[in-house]
Amino acid sequence: MALTDLGAALLRTLDPETAHRAAILALRALPLPAARADDPLLATRVAGLSLPNPLGLAAGLDKNGEALRGLSRLGFGFVECGSVTPRPQPGNPRPRLFRLSEDRAVINRMGFNNAGLEAFAARLARRPAAAVIGANLGANKDTEDKAADYVAGLKRLKGLADYVTVNVSSPNTPGLRDLQGRAALDDLLGRLAEARAGDPTPVFLKIAPDLTGAEIGLIVEAALDHRIDGLIVSNTTLDRPDSLRSPQRNEAGGLSGAPLRARAMAALRAASEVSAGRLPLIAVGGVDSGAEAYARIRAGASAVQVYSALVFEGPGLVGRIKRDLAARLRADGFSTVGEAVGTGR
């Protein structure tokens, strides 16, 4: 992975959004070799999905499903693309993506920029068959009935993705996070349950890290009531820790990367405490090492996702996390990932 890590270092010399686009083009065009076979210890199951390892790519890198073949060859156990909205939209004005190198963090206010559901579905129809691919759904900025946008996405992508994530936690679409309130969430999840009747595709709900423990508890219970298959904990934060040093620390948008770690872990622990093993959890936010991945698993996550850390570490991070995670599992006497889930609660 040395060459791809070198490429990532070169991309960091470009402005963030130009680098992001260049990375997608490279992943589409380069004939990347297949990743090494995973350590059998890392094979696991989450919500009925068989994963070769529990390390996934979080949504946001490949919003339009353009580079799934390249991404699937980097060693991830699963790859989540999107967020996609029913109609194409340009997103917020540039600049809207900021690399906080001093803090190993990213701030984005992209605003669900994407080419729309039809282009997304066409690409998913040509996806690599062997990879586990998830589709992250969003709502258009100017849609009044945002629940209807999620229903439309779920219906259109039926049979095209291995799982679907309902993203109600992006801070960059006005009114979206309001869907995490119990009444609005019951309406949304009820309509999704009706739309997915008879479809076995797992549906996950992605929540914000800026919720209180009580709010997370209500979301967990709503998810259980409406037979949601799992929670992704969590999205970017609106919080700005005092520890931030970058001159761009006060840019508007969602903060991700290392400074999100503690808040994301707290949200995971709150969800794990309430769900008590009844609902699979996928942890994301500040995961940048095997030690952190293992900590999230022991805190209750069945799988973890990375994104911002790749900006600073390059694709070689995927293999490093997996090797370290397998070593830590073995050192503590676990023979499967599942055995370790929740043992540190």
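1. Let's start with the nonpolar core. The largest one has 82 residues, and those with the most contacts inside it are Leu 124, Tyr 150, Leu 157, Leu 188, Leu 205, Leu 231 and Leu 329. A nonpolar core here is a set of buried Ala, Val, Leu, Ile, Met, Phe, Trp, Tyr and Cys residues joined through side-chain atoms within 4.5 Å. Buried means under 20% relative accessible area, with exposed being over 50% and partly exposed in between (1.4 Å probe, protein chains only). Helix α11 gives this core its largest share, six residues. Apart from it lies another core, of 12 residues, including Leu 51, Ala 58, Ile 232 and Ala 303.

2. A word on the model before going on: it is predicted, with local features needing pLDDT of at least 70 and side-chain atom pairs counting only at pLDDT 80 or more, while totals for chains, interfaces and linings use all residues. Residues are numbered from 1 along each chain as its sequence is written, and side-chain values use heavy atoms, leaving out hydrogens and water.

3. Setting aside residues up to four places away in sequence, Leu 329 touches Leu 41, Leu 42, Tyr 294, Phe 334, Thr 336, Val 337 and Ala 340. Contact means heavy atoms within 4.5 Å.

4. Tyr 294 takes us to helix α9 (residues 290-298), where Gly 290, Glu 292, Ala 293, Tyr 294, Arg 296 and Ile 297 are buried. Helices (H or I, at least four residues) and strands (E, at least two) are DSSP runs, numbered from the N terminus. The buried residues of α9 pack against α8 (261-275), β12 (281-284), β13 (303-306), α11 (316-331) and α12 (337-340). Just after α9, look for Gly 300, which takes a positive phi of about 130 degrees.

5. How do α8 and α9 sit together? Their axes come within 10 Å and cross at roughly 25 degrees, so α8 is roughly parallel to α9. Axes are lines fitted to C-alpha atoms, for helices over the stretch in contact, and angles run from 0 to 180 degrees between N-to-C directions. Angles under 35 degrees count as roughly parallel, over 145 as roughly antiparallel, 65 to 115 as roughly perpendicular and the rest as oblique. Arg 261, Ala 264, Met 265 and Leu 268 of α8 make the contact with Glu 292, Ala 295 and Arg 296 of α9.

6. Helix α7 (residues 213-225) also packs on α8, at an angle of about 50 degrees and with the axes 9 Å apart. The two helices, α7 and α8, are therefore oblique to each other. On the α7 side you'll find Gly 213, Ile 216, Gly 217, Val 220 and Glu 221, which meet Ala 267, Ala 270, Ala 271, Val 274 and Ser 275 in α8.

7. Last stop: is Ser 246 buried or exposed? Ser 246 lies in the loop between β10 (230-233) and β11 (254-257), and this serine is buried, with a relative accessible area of 1%. Leaving aside neighbours within four places in sequence, Ser 246 is in contact with Leu 100, Glu 102 and Asp 103.
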